[in-house]
Amino acid sequence: MSIAYGIQGQLLEVTVVACNKLKDTEWISRQDPYVCLEYGSSKFRTRTCTDGGKNPTFQEKFVFKLIEGLREINVVVWNSNTVNSDDFIGSGKVQLQKVLSQGFDDTAWPLQRKNGRHAGEVRLIMHYANTNKPATSHAQSGPPFVTPTPGSYPYSVAPPHVASHPTPSGYPAPSPYSTASPPSAFYPASPYSTVPPPPAAYHSTSLYPPQSAAYPSPYSSSAYLPQPYPPQGYSYPPGQYPGVYPPRSY
């Protein structure tokens, strides 16, 4: 049970519900009980339950200002008389540890006569609103969750829009791998030389294949010169066909 600290001046509600099985102080008629509560300098009295007998009911609420270090209430039950002084029925002490630690107490407290014998019981309902509840965790609590309404955000700036499909780009995405060639120490040396040969090792691109004076090029520029028409040795109309015409008969 946790102990409540700092109760000075705090309010405690006490409701006197009823009494049960009280000692009867009357011989002929029914007794008229009432209840007195005392806490420090505060004293309260219920109304008189006329003809309440051994089981009177009250249902009356009182408010006390708590005092630091005082954790009990004195309760006394009397029988009201019209002619003689009131008769003492019983008294008891109400402990406040439970209501101060848990905030609520609904208990029937026993009463005793002056000789210490049982004199019945009184039922009280007590409420204390400033209960010190034990902490369940030492971690810092986060900000309270706020349900966003349509079109608004619980933050100062709206979160950025995230497209459901990637946006097409005119350039390929950069490769996650390095484009630098690996060091040669991880691969064996190549049997072929990677150094290009000197320019003298190649033939000239002016003539390929090389021409020789004994074999003139078939692509001489003289082949494309215009020729005389008609060609030499040609006559018109043409001469007769060789042989005999008409052919002889057999």
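Which residues touch the most other members of the largest nonpolar core? I started my notebook with that one.

**Entry 1: ground rules**

I am looking at a predicted model, where local features need pLDDT of at least 70 and side-chain atom pairs count only at pLDDT 80 or more, while totals for chains, interfaces and linings use all residues. Residues are numbered from 1 along each chain as its sequence is written, and side-chain values use heavy atoms, with hydrogens and water left out.

**Entry 2: the core**

I found 29 residues in the largest nonpolar core, and Leu12, Leu37, Ile73 and Leu96 touch the most other members. I noted what such a core is: a set of buried Ala, Val, Leu, Ile, Met, Phe, Trp, Tyr and Cys residues joined through side-chain atoms within 4.5 Å. I use "buried" for under 20% relative accessible area, "exposed" for over 50% and "partly exposed" for in between (1.4 Å probe, protein chains only).

I then asked where the core residues come from: β1 (11-20), β2 (33-39), β4, β5, β6, α1 (97-102), β7 and β8 each supply at least two. Helices (H or I, at least four residues) and strands (E, at least two) are DSSP runs, numbered from the N terminus.

Leaving out residues up to four places away in sequence, Leu12 touches Phe62, Val63, Phe64, Leu66, Ile73, Leu96, Val99, Met126, His127 and Tyr128. Contact means heavy atoms within 4.5 Å.

**Entry 3: aromatic rings**

My rule for rings of Phe, Tyr and Trp (its six-membered ring) is that they pair if their centres lie within 6.5 Å; planes under 30 degrees apart count as stacked, over 60 as edge-to-face and the rest as tilted. By this rule I get four aromatic pairs.

One of them is Phe44 with Phe62, a tilted pair with 5.2 Å between centres and 35° between planes. Phe44 sits in strand β3 (residues 42-45) and Phe62 in strand β4 (residues 57-65), so this pair links distant parts of the chain, 18 residues apart. Phe62 is buried at 10% relative accessibility, whereas Phe44 is partly exposed at 28%.

Why does the pair of Trp78 and Phe88 count as edge-to-face? Their planes stand at 75°, with the ring centres 5.5 Å apart, so the pair gets that label. This pair also links distant parts of the chain, from Trp78 in strand β5 (residues 72-79) to Phe88 in strand β6 (residues 87-95), ten residues apart. Trp78 is partly exposed at 26%, and Phe88 is partly exposed at 22%.

I also saw that Tyr39, Phe44, Phe62 and Phe64 form one aromatic cluster.

**Entry 4: charges over rings**

I count a charge as over a ring if NZ of Lys or CZ of Arg is within 6 Å of the ring centre and within 35 degrees of the ring normal. Arg45 lies over the face of Tyr34, 3.6 Å from the ring centre. Lys114 lies over the face of Phe88, at 5.5 Å from the ring centre.

**Entry 5: salt bridges**

How many salt bridges does a search of the whole structure find? I got five, taking a salt bridge as a side-chain nitrogen of Lys or Arg within 4 Å of a carboxyl oxygen of Asp or Glu.

Among them is Glu60 with Arg47, at 3.6 Å from N to O. Glu60 is in strand β4 and Arg47 in the loop between β3 and β4, 13 residues apart. Glu60 is buried at 18%, but Arg47 is partly exposed at 41%.

Another is Lys98 with Asp105, whose closest N and O atoms are 3.8 Å apart. Is Asp105 buried or exposed? Asp105 is buried, at 1%, while Lys98 is partly exposed at 36%.

I also looked at Arg123 with Asp106, at 2.9 Å between the closest N and O atoms. Arg123 lies in strand β8 (residues 118-127) and Asp106 in strand β7 (residues 104-112), 17 residues apart.

**Entry 6: cysteines**

I searched the whole structure for disulfides, meaning pairs of cysteine sulfur atoms within 2.5 Å, and found zero. For Cys19, the closest cysteine sulfur is in Cys49, 9.0 Å away, which is too far for a bond. Cys19 is buried at 1%.

Last, I visited Asp24, in the loop between β1 and β2. Asp24 is partly exposed at 35% and touches Gln31 and Lys54, not counting residues up to four places away in sequence. Asp24 and Gly120 are 96 residues apart in sequence, yet 9.8 Å apart in space, C-alpha to C-alpha.
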